[in-house]
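Here is a short briefing on charged side-chain contacts. The pairs are taken one at a time, with location and accessibility.

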Amino acid sequence: ISTYEAQKNNSEIEIKAANNSLNILNEELKKIDPNFSSYIESQLNTPYLAEISKKIADLEVNRDLEEATLKDESAKDKVLNSYNEKLAPLKKEYDEKSKSFRAGILSKTPAEMQSLTEKILDASLTISASSPKYKLLSEKLGNYENEFNNLPANSIELAKLERARKSSEKLYLILEEKFQEASINERTRIGIASILDPGTDNKGPVGPNRRNIIIFGIFSGLILGFVYALGRDFISRKIKDPDDLEKPGLKFLTWIPSVEDLDKSTEPKKNLIMDSNIPAAEAFRALRTRIRYSKLKKEPLKTILVTSCLPFEGKSFIAANLAGTFALAGKRTLLLDCDLRKPTVHSIMGSERIPGLSDLLHNKVNIKNIIRNAGIENFDYITSGTIPKNPSELIGSEQMNFYLKELEKIYEIIILDCPAFLSVTEAEILFNMVNGAILVARAGKTPKAAFQKVYNRLKEINPNNLLGCLLNDFSVQKTFGRYYYGNYSYDYTYGSSGNGKSR
């Protein structure tokens with residue numbers, strides 16, 4: 001009874017845990033697509049898998065019963081081998097059917113919901129495998145409990161006496177242990193005591209000395225703070241300021257100051273700051289000027305790739321505002337979202353992602369149908385479109401090269417926003433298609449070694465296409481104070497008209 005009860009409790013815990021997980025996952029799936037959630041629930045009712053699970057559970061429970069009743073080891077081995085031979089084909093069939101069942105559902109699942117669907121299938125298959133065993137163990141346990149209750153009265157009385165005997169034995173051992181401890185303590189007690197030094201009352205606290213503690217704490221804090229700041233600056237492996245890009249001899253374009261609360265607002269186009277009077281907008285205008293003179297060749301600079309070595313370094317923010325800055329200068333400009341994995345341009349512009357570039361490359365839409373205006377003269381943009389299964393193949397296709405050439409006929413400047421260089425291959429593919437590229441680093445986030453590696457790689461592929469690098473999200477006042485960066489200082493004030501003045 002105790003063996004079956006332990007197995008039953010184990011099965012019950014597995015079923016409850018899987019049910020809780022399944023309920024949470026189903027709620028998440030309903031938030032994304034209620035219709036698809038209903039489809040998954042309808043597919044999970046698989047009587048064939050339930051029937052196989054029931055047969056496996058029946059054999060395993062009977063095997064454990066026979067093994068418990070046998071004392072001869074050779075007989076136990078014979079019984080186990082016999083049951084294992086019967087279980088092996090059933091388990092193999094169950095594995096094959098569950099894999100086929102899983103593959104059938106996942107093939108009809110959209111890419112963004114596949115991870116969630118896989119977790120739902122795992123929880124459902126766990127319930128399907130544990131439920132038959134739980135029911136069978138409950139039946140067996142009920143039968144044995146009935147048999148136990150039907151035992152003769154003498155047997156039940158014997159069990160009670162045995163329990164009382166064991167309880168008395170434990171009590172005796174505890175009392176014996178306590179007695180031995182008391183005897184040892186009595187033998188080790190000091191019998192004679194004398195006063196060595198009489199106690200006195202000082203009429204006040206003996207300690208602590210607050211004045212000494214405060215002085216020690218102040219000096220210790222100052223020393224530790226200085227050592228920490230010095231050590232952190234010395235061993236830091238992140239890019240902190242423009243010197244970290246200029247000292248290694250990298251071609252440095254400019255830095256973009258931090259913009260407070262940039263991503264906390266859900267207001268569309270909040271990230272477009274190029275037509276404002278804040279310092280970051282002036283930095284984008286300086287970047288536009290330096291890009292114009294960074295590549296001295298006969299052919300005009302028309303296509304500019306904006307990338308970074310790692311994700312979340314602000315390249316989409318840089319690309320959008322750089323495109324807007326060129327548009328404000330009278331250049332017919334296009335912002336093209338080439339990040340087909342985690343696109344951002346549609347969020348910055350406050351528009352729908354579909355249709356976009358991937359739909360054009362699949363020949364589902366016309367090029368005129370995906371070009372949208374940003375609400376600023378000369379500033380158009382194209383979103384990423386439907387998330388494809390093969391983004392790198394699409395970016396490197398002949399269609400991409402063809403449509404890029406077609407867009408060059410329409411626009412004077414095309415800014416391409418692409419994924420991070422070290423994450424995927426799209427950045428390297430696009431680098432070979434454009435006239436110029438900018439490598440973005442984020443202050444306090446980008447590792448120096450990773451940035452140097454990507455910069456050297458781009459320079460090795462085509463040094464003429466690498467326009468230079470810039471530092472994003474640079475907190476100027478935290479690094480250099482109010483008057484910062486060499487002999488230059490900027491102090492912005494705003495009148496009621498919104499026109500900024502500098503001195």
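The side chains of R457 and E428 form a salt bridge, with an N to O distance of 2.7 Å. This pair joins distant parts of the chain: R457 sits in helix α17 (residues 448–461) and E428 in helix α16, 29 residues apart. The model is a predicted one. Its salt bridges number twelve.

**R457 and E428: accessibility**
- R457 is partly exposed, at 31% relative accessibility.
- E428 is also partly exposed, at 26%.

**R341 and E426**
- R341 and E426 meet through their side chains in a salt bridge of 2.7 Å, N to O.
- Distant parts of the chain are linked here too: R341 lies in the loop between β3 (333–337) and α11 (345–349), while E426 belongs to helix α16 (residues 426–431), 85 residues away.
- R341 has a relative accessible area of 39%, so it counts as partly exposed.
- E426 has a relative accessible area of 0%. The cut-off for buried is under 20%, so E426 is buried.

**R165 and E169**
- A salt bridge connects the side chains of R165 and E169 at 2.8 Å, N to O.
- Both residues lie within helix α6 (residues 153–187). They are four residues apart, about one turn of the helix.
- R165 is partly exposed, with a relative accessible area of 40%.
- E169 is partly exposed as well, at 41%.

**A network**
- K240, D244 and K448 are linked by salt bridges into a network.

Definitions and conventions:
Residues numbered from 1 in each chain as written. Predicted model: local features only at pLDDT ≥ 70, side-chain atom pairs only at ≥ 80, totals over all residues. Heavy atoms only, no water. Salt bridge = Lys/Arg side-chain N within 4 Å of Asp/Glu carboxyl O. Helix = DSSP H or I, 4+ residues; strand = E, 2+ residues; numbered from the N terminus. Buried < 20%, exposed > 50% of the residue type's maximum accessible area, 1.4 Å probe, protein only.
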